[in-house]
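Below is a note for a colleague who wants to go through this model point by point. Please keep the sequence and the coordinates at hand while reading.

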Amino acid sequence: MGRGDRTELIISIRFDGLNTRVALEGELDLASAPRLERALNELTPAVNGHVLLDLEGLAFSDGAGLAAIERAAQVLGDRLVVCGPRPRVRDIISLTRFDERVQVEEQGAQEVSDIPAGNVAYVRQLWEA
């Protein structure tokens, strides 16, 4: 499979002030999940604010992909915010109840990053109360 298939996982990391945006493109599955996990593990010690995991470019994820994200959430806690999943990825998130264990925002990372980093978790707690 070549680069044009969109089956590989492309990970882009951008520091945006206090937050770190990690954009995923392609497919997150059993084969590519270890790459994401390594990238997030390497990134974690340097994170001061939130990690905005941008799924807008992710065409597919399986359970192994979500498990890699969940392991990162166990380390980062409420500093990890999953943003903008597409319908196909949103379906697997709902099916596995992933969004009950990890903060998932429907809007994209750009909209979430407009909220000051310290307020994202606080606003969510108020909303859920």
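Predicted model: local features only at pLDDT ≥ 70, side-chain atom pairs only at ≥ 80, totals over all residues.

1. Helix α1 lies across β1, β2 and β3, and its direction is at about 15° to that of β1.

2. As for the overall plan, the secondary structure of the chain comes to five helices and five strands, and from the N terminus on the elements run β-β-α-β-α-β-α-β-α-α. The five strands form an open sheet in the order β1-β2-β3-β4-β5, with mixed pairing. β1 and β5 (residues 104–105) are the edge strands of this sheet, since each of them pairs on one side only.

3. Within the sheet, β3 and β4 pair in the parallel sense, over four bridges. Asp54 has its bridge partner in β4, namely Cys83.

4. In α1, which spans residues 33–43, the residues Ala33, Leu36, Ala39, Leu40 and Leu43 are buried. They are on the same side of α1 because they cover an arc of only 130° around the axis. The elements against which the buried residues of α1 pack are β1 (9–16), β2 (19–28), β3 (51–61) and α2 (63–76).

5. Which residues touch the most other members of the largest nonpolar core? Of its 26 residues, these are Leu24 and Ile69. At least two residues of this core come from each of β2, α1, β3, α2, β4 (80–83) and α3 (87–96), and α2 gives the most, with six residues. Nonpolar side chains tend to be buried together in soluble globular proteins.

6. Leu24 deserves a separate look. If its neighbours within four places in sequence are left aside, Leu24 is in contact with Leu9, Ile10, Ile11, Leu36, Leu53, Asp54, Leu55, Gly57 and Leu58. One of these partners, Leu36, is among the buried residues of α1.

7. Thr20 lies in strand β2. Is Thr20 buried or exposed? With a relative accessible area of 2%, Thr20 counts as buried, because the cut-off for that term is under 20%. Leaving aside residues within four places in sequence, the contacts of Thr20 are Ile13, Arg14, Phe15, Leu43, Val47, His50, Val51 and Leu52.

8. Glu106 has its place in the loop between β5 and α4 (109–113). With a relative accessible area of 44%, Glu106 is partly exposed, because this term covers values between the 20% limit for buried and the 50% limit for exposed. Not counting residues up to four places away in sequence, Glu106 touches Gly84, Pro85 and Arg90. Although Glu106 and Cys83 are 23 residues apart along the chain, their C-alpha atoms are separated by 6.0 Å.

9. Some totals for the chain complete the account. Of its 129 residues, 43% are buried, and the accessible surface comes to about 7000 Å², of which carbon and sulfur atoms account for 51%. Among contacts between residues at least 6 apart in sequence, 67% join residues at least 24 apart.

Notes: Residues numbered from 1 in each chain as written. Heavy atoms only, no water. Buried < 20%, exposed > 50% of the residue type's maximum accessible area, 1.4 Å probe, protein only. Arc of directions from axis to C-beta. Contact = heavy atoms within 4.5 Å. Core = buried A, V, L, I, M, F, W, Y, C linked by side-chain atoms within 4.5 Å. Pairing = 2+ DSSP bridges. Axes fitted to C-alpha atoms, helices over the stretch in contact; angles between N-to-C directions. Areas by Shrake-Rupley, 256 points an atom, 1.4 Å probe, with all protein chains shown as cover.
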